[in-house]
Amino acid sequence: MRLAVTDSAALSEARQFLTEWLATVDVACSRFRDDSEIATLDHSAGREMPISAVLAEAVAAALRGAELSGGDVDPTVGSALAGLGYDRDFDLVQHDGSPVKLVVRPVPGWRRIAFDAERRTLAVPPGIRLDLGATAKAWAADRAAADLAARFGCGVLVGLGGDLAVAGTAPADGWTIRVQDRTDEPGADPDAQHVSILIRDGGLATSGTAARRWTRGARTLHHIINPHTGLSARTPWRTVSVTAATCLDANIASTAAIVRGTRAPAWLAECGLDARLLAEDGTVCTVGRWPAAPGSTGFSYTIGPGEESSWTLR
């Protein structure tokens, strides 16, 4: 995680708050721990179950993702991911394992989940395993940034992996974010093609197929599932970065863009979103106000106070 605040006196307490918040989210939402709240749903036999406020918010975020993306971001991909070998924390996944039989089989679908936000109850039919990985991290970043800004009265940036949320009063020049392909791979050039952008509110999310990638036999797999096939999405994009009014909405769009493949740039433009799409061959496609030059300093992306999502269902 990455935390930045405009008031240095708040940093230590803010870090403690963020650490505790992420531990709470993990206990509620992790697919990789037997004692998590979401894991208990695997044994609920489809019964309606009371859930915590944290899990309820996370499920609502996941269902928002499914609705906004027309089902391209779907929380019922848990079994599909496990079947491809992503059945534990990624650090423990065997990266070069034995072949698996790949069968095209759509995931059960988010509409089969019965969720009552007011009563905080959830019913998951037998055989369906939820995975909130496409949305929970971004939602958690949004919540943390907003709560910390309100608590300390300063500007806050929270980054969880590729998901960044900002809240409160930004620095005078905005938050400068450098976006590029992975720099943690062996031999990666830290000065490789990149772009820097300025954001003052909302969020930025990057989804990609490079960070969580493994092989089974001769097949290279990754963690972004196409719900319509139940397999790793076949896509020309290595990474997609999107800015939006919230980190959650940015992440929904970036994940859906990976799944939509060649149709993604036109769809993102239709939604009025700003995005950068990096293809496997290194070419870059930009949408909206995103700067086109690889090394350029970007735009100031500002969302007005109280403004809702910058895009709607398409």
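Is Cys29 buried or exposed at 10% relative accessibility? Cys29 counts as buried, because its relative accessibility is 10% and buried means under 20% relative accessible area, exposed over 50% and partly exposed in between (1.4 Å probe, protein chains only).

**Figure 1. Overview of the predicted model.** This is a predicted model, in which local features need pLDDT of at least 70 and side-chain atom pairs count only at pLDDT 80 or more, whereas totals for chains, interfaces and linings use all residues. Residues are numbered from 1 along each chain as its sequence is written, and side-chain values use heavy atoms, with hydrogens and water left out. The protein has seven helices and 18 strands; helices (H or I, at least four residues) and strands (E, at least two) are DSSP runs, numbered from the N terminus. Of the 314 residues in the protein, 51% are buried. Among contacts (heavy atoms within 4.5 Å) with a separation of 6 or more, 69% join residues 24 or more positions apart.

**Figure 2. Packing of helix H1 against helix H3.** Helix H1 (residues 11-29) and helix H3 (residues 53-68) pack at an angle of about 75°, with their axes 9 Å apart. H1 is therefore roughly perpendicular to H3. On the H1 side the contact is made by Trp21, Thr24, Val25, Ala28 and Cys29, and on the H3 side by Val54, Leu55 and Ala58. The residues of this contact comprise seven nonpolar, one polar and no charged. Axes are lines fitted to C-alpha atoms, for helices over the stretch in contact, and angles run from 0 to 180 degrees between N-to-C directions. Angles under 35 degrees count as roughly parallel, over 145 as roughly antiparallel, 65 to 115 as roughly perpendicular and the rest as oblique. Ala, Val, Leu, Ile, Met, Phe, Trp, Tyr, Cys and Pro count as nonpolar, Asp, Glu, Lys and Arg as charged, and the others, Gly among them, as polar.

Figure 3. The structure holds zero disulfides, a disulfide being a pair of cysteine sulfur atoms within 2.5 Å. Cys154 counts as buried, with 6% relative accessibility.

**Figure 4. Surroundings of Thr76.** Thr76 is located in the loop between H3 and helix H4 (78-83) and is buried, with a relative accessible area of 2%. Its side chain makes a polar contact with the side chain of Asp74 (2.6 Å) and reaches the backbone nitrogen of Gly109 at 3.0 Å. A polar contact is a pair of N or O atoms within 3.5 Å; within protein, one must be able to donate a hydrogen and the other to accept it, and residues adjacent in sequence count only if both atoms are side-chain atoms. Leaving aside neighbours within four places in sequence, Thr76 is in contact with residues including Val107, Pro108, Trp110 and Ile128.

Figure 5. Asp173 is placed in the loop between strand E7 (163-167) and strand E8 (175-180), and counts as exposed at 60% relative accessibility. Not counting residues up to four places away in sequence, Asp173 touches Leu198 and Arg200. Thr176 lies in strand E8 and is exposed at 53% relative accessibility. The C-alpha atoms of Thr176 and Leu198, 22 residues apart in sequence, are 4.7 Å apart in space.

**Figure 6. Loop residues Ala45 and Arg120.** Ala45, in the loop between helix H2 (37-40) and strand E2 (49-50), has a positive phi near 55°. Arg120, in the loop between strand E4 (114-116) and strand E5 (121-123), has a positive phi near 55°.
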